[in-house]
Amino acid sequence: MFIIAGLGNPGLSYKKSRHNAGFMALDELAAKAGIKIKQKGFSSLYGEGAIGGERVLLLKPQTYMNLSGDAVQQAVHFYRLPLDRLIVIYDDIDLQVGALRIRARGSAGTHKGMKSIISCVGSDAFPRIRIGVGRDDSLVLKDYVLKKPSRQELELLNPAFKNAAEAARLIVSGSLEEAQARFNGNADR
């Protein structure tokens, strides 16, 4: 079994914000896999199904971004899941808009949701898919990530959400290296 957590904030005011890139990529994955993310539990909305013959739980924490670890830890603990079977998808201001970075493990960097997850599960040894949302140094970081992307940014982000979903599918099938080779790098790949 795998848990695939897409990070974001609940509520309509955040729905299409840059910070909800993880939710949007998870929606792509759910649509492709025919999984409905409507059940409530683990301080999240979630859906269960299969991807490539593997059982998966698609998880959208409803704790708000900075407390994402509470929700993820509940699900990991309930299923007694080894951390290499947890995949986290989230936004990254340090990557250009639409770029992906896939890693088998690593630090949280500046991302508070990832800091929360690493703190709660006690390790950084789980795969993650980062979706570049860029940055605007003229805005306060919080204001930037909570705003909706421009039309031009969406032209790069929409394919990135699809690519992130495909990368998660590859990781579930045991092909993390293939996901990295295909999708790590610039947005125009």
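## A tour from pocket to salt bridges

Start with the second largest pocket: 13 residues line it, and G11, K15, N20, F23 and K60 lie nearest its centre. A pocket here is an open set of points on a 1 Å grid over the protein atoms alone, where a 1.4 Å probe fits, with protein on both sides within 12 Å along at least five of seven lines; lining residues have an atom within 4 Å of a point. This is a predicted model: local features need pLDDT of at least 70 and side-chain atom pairs 80 or more, while totals for chains, interfaces and linings use all residues. Residues are numbered from 1 along each chain as its sequence is written, and side-chain values use heavy atoms, without hydrogens or water.

The second largest pocket holds about 280 Å³ of space. Its lining has 5 nonpolar, 4 polar and 4 charged residues. Helix α1 (residues 21-33) gives the largest share of that lining, 3 residues.

Select α1 next. Helices are DSSP runs of H or I with at least four residues, strands runs of E with at least two. The 13 residues of α1 should span 18 Å at 1.5 Å a residue, and its end C-alpha atoms are 18 Å apart, which agrees. Its buried residues (under 20% relative accessible area, 1.4 Å probe, protein chains only) are A21, G22, F23, M24, A25, L26, L29 and A30. Colour their cover: it includes β1 (2-6), β3 (44-51), β4 (54-61), β5, β7 (128-132) and α5. After α1 comes G34, with a positive phi near 70°.

Move to the largest pocket, about 510 Å³. Of its 24 lining residues, H19, T110, H111, K112 and L141 are closest to the centre. β5 (86-92), α3 (112-121) and α4 (141-145) each supply at least two lining residues.

Now show α5 (residues 151-172). Just after α5, G174 has a positive phi of about 90°.

Finish with the salt bridges, 12 in the structure. Each is a side-chain nitrogen of Lys or Arg within 4 Å of a carboxyl oxygen of Asp or Glu. Select R135 and D94, which meet at 2.4 Å, N to O. R135 lies in the loop between β7 and α4 and D94 in the loop between β5 and β6 (100-103), so the pair ties together parts 41 residues apart in sequence. Last, pick E166, R169, E178 and R182, linked in a network of salt bridges.

Notes: Grid points are joined across faces, edges and corners, and a volume is the space filled by probe spheres set on the points. Ala, Val, Leu, Ile, Met, Phe, Trp, Tyr, Cys and Pro count as nonpolar, Asp, Glu, Lys and Arg as charged, and the others, Gly among them, as polar. The expected span of a helix is 1.5 Å times one less than its number of residues. Buried means under 20% relative accessible area, exposed over 50%, partly exposed in between (1.4 Å probe, protein chains only). Contact means heavy atoms within 4.5 Å.
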